[in-house]
Amino acid sequence: MSDGKTTTGKVERSEAEWRKELTPMQYAVLREKATERPFFGEYEHEQRKGIYVCAGCGQTLFESDAKFDSGCGWPSFTAPAVASHVDEERDTSLGMVRTEVLCSKCDGHLGHVFEDGPAPTGLRYCINSAALKLQPK
Ligand SMILES: [Zn+2]
């Protein structure tokens, strides 16, 4: 498997390969579940229309139409572009119970989802800019 893909459609790379492909910040977020500093992310105030894809594997994750200004310091979305493109997992780190959001294709850590978002979903996907790449329309 030289192209990094498996028959399940998952993207699997060694840690060394990820380190080569990603910037240090992208690596820290996607592979080590780091959280970038609030209010300093590239896309927090992004207003352009487009598709946000995974910085690790390029899978479509969020659309700009679902982005809203939550004031929390990270890009926030009401829903993923395609539900099956994000996985959600219970995260009990840091003494809190949260729901972690991961890319379903490369298992990269994206951020967390909270149940205090606006209508219609009531959800707030709080996502690290470093995990995303905007493809402007
Ligand atoms: Zn991915």
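How many bridges join strand 1 to strand 2 (residues 60–63)? Three, and the two strands run antiparallel. Strands here are DSSP runs of E with at least two residues, helices are runs of H or I with at least four residues, and both are numbered from the N terminus. Two strands count as paired if DSSP finds at least two bridges between them.

A word on the model. It is predicted: local features need pLDDT of at least 70, side-chain atom pairs count only at pLDDT 80 or more, and totals for chains, interfaces and linings use all residues. Residues are numbered from 1 along each chain as its sequence is written.

Start with the overall layout. The chain holds two helices and nine strands. Along the sequence they follow the pattern α-α-β-β-β-β-β-β-β-β-β. The C-alpha trace spans about 45 × 40 × 30 Å along its principal axes. The radius of gyration, taken over C-alpha atoms, is compared with a globule rule of 2.2 Å times the number of residues to the power 0.38. For 137 residues a compact globule would come near 14 Å, and the chain agrees, with 14 Å.

Now back to strand 1. Strand 1 (residues 50–54) also pairs with strand 9 (residues 132–136), antiparallel, over five bridges. Val-53 shows both pairings. Val-53 stands opposite Lys-133 in strand 9, and its bridge partner in strand 2 is Thr-60. The hairpin of strand 1 and strand 2 has five residues between the strands. In this hairpin, Gly-58 takes a positive phi near 85°.

Val-101 stands opposite Gly-111 in strand 7.

Turn to burial and contacts. A residue is buried if 20 or more other C-beta atoms lie within 10 Å of its own, exposed if 12 or fewer, and partly exposed in between, with C-beta atoms placed from the backbone. Buried residues make up 34% of the 137 residues. Arg-37 sits in the loop between helix 2 (24–30) and strand 1. Arg-37 is exposed, because 9 other C-beta atoms lie within 10 Å. Arg-37 and Asn-128 are 91 residues apart in sequence, yet 9.0 Å apart in space, C-alpha to C-alpha.
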